[in-house]
Amino acid sequence: SDRQQFESAMQLFQRAHDEDPTSAAPLISLGILSYTYRQDPQTGIDYFRQALSRPEGEGESELRRACYFHLGRIYTLGRDFDMAQKSLMKAVEIDPGYALAWFELGKVQFQEALLIGGDDTERRRDSLEIARATFLDGITALNAYRERQEILDLNALPFDVELPFSAREHN
């Protein structure tokens, strides 16, 4: 069952953390499972903070940005928009090309703008404009990511014609 698989995953990541307490990856996985599967946001926050409290090693910026991204999502679920924005901003400061974090940040700003009550239409309009600009930053980041992608055409591999037979015909 799904429950058994999630519990097994939790145990696996806990064992991985116990074997190498210096690694952030198991803590991040435990944090994600805590707030998504177990619906325990505080435990998720604790795991992410524990991962972030470790000294940053080489090549760990993706792990740190993931922590901040998921912290932002947890704070959004709790409607703590200020903390959500701070966390998501840290994620995009680490990686300005992190389109998913830009979109999540735009959603937070949009939700916050919608909650502005009363006749404060100017403040609401300004807040919506900030959210719009953030979404555009996300689109820019996504477009830049797509431009860096290389498309591989399996029908036009340069070495395919050099083979004594067509690999495509035999597979």
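How many salt bridges does the count come to? The count comes to 6, where a salt bridge is a side-chain nitrogen of Lys or Arg within 4 Å of a carboxyl oxygen of Asp or Glu. The model is predicted, so local features need pLDDT of at least 70 and side-chain atom pairs count only at pLDDT 80 or more, while totals for chains, interfaces and linings use all residues. Residues are numbered from 1 along each chain as its sequence is written, and side-chain values use heavy atoms, with hydrogens and water left out.

**View 1. The largest nonpolar core.** This core has 30 residues. A nonpolar core is a set of buried Ala, Val, Leu, Ile, Met, Phe, Trp, Tyr and Cys residues joined through side-chain atoms within 4.5 Å. Buried means under 20% relative accessible area, exposed over 50%, and partly exposed in between (1.4 Å probe, protein chains only). I28, F48, A51, C67, L71 and A101 have the most contacts inside the core. Two or more residues come from each of α2 (25-36), α3 (41-53), α4, α5 (81-94) and α6 (99-114). Helix α4 gives the largest share, 6 residues. Helices are DSSP runs (H or I, at least four residues), numbered from the N terminus.

**View 2. Around A101.** Contact means heavy atoms within 4.5 Å. Leaving aside neighbours within four places in sequence, A101 is in contact with F69, L88, A91 and V92.

**View 3. R64 in helix α4.** R64 sits in α4, which spans residues 61-77. Its relative accessible area is 16%, so R64 is buried. Residues up to four places away in sequence are not counted here; beyond them, R64 touches A51, L52, R54, E56 and I94.

**View 4. The E60 and R54 pair.** Side chains of opposite charge can pair when their charged atoms come close. E60 and R54 form a salt bridge at 3.4 Å, N to O. E60 is buried at 17% relative accessibility. R54 is buried too, at 14%.

**View 5. The D95 and R65 pair.** These side chains meet in a salt bridge of 2.3 Å, N to O. The pair links distant parts of the chain, 30 residues apart. D95 lies in the loop between α5 and α6, and R65 lies in helix α4. D95 is partly exposed at 23%, whereas R65 is buried at 18%.

**View 6. The E104 and K107 pair.** A salt bridge joins the side chains of E104 and K107 (3.4 Å, N to O). Both residues lie in helix α6, 3 residues apart, about one turn of the helix. E104 is buried, with a relative accessible area of 8%. K107 is partly exposed at 41%.
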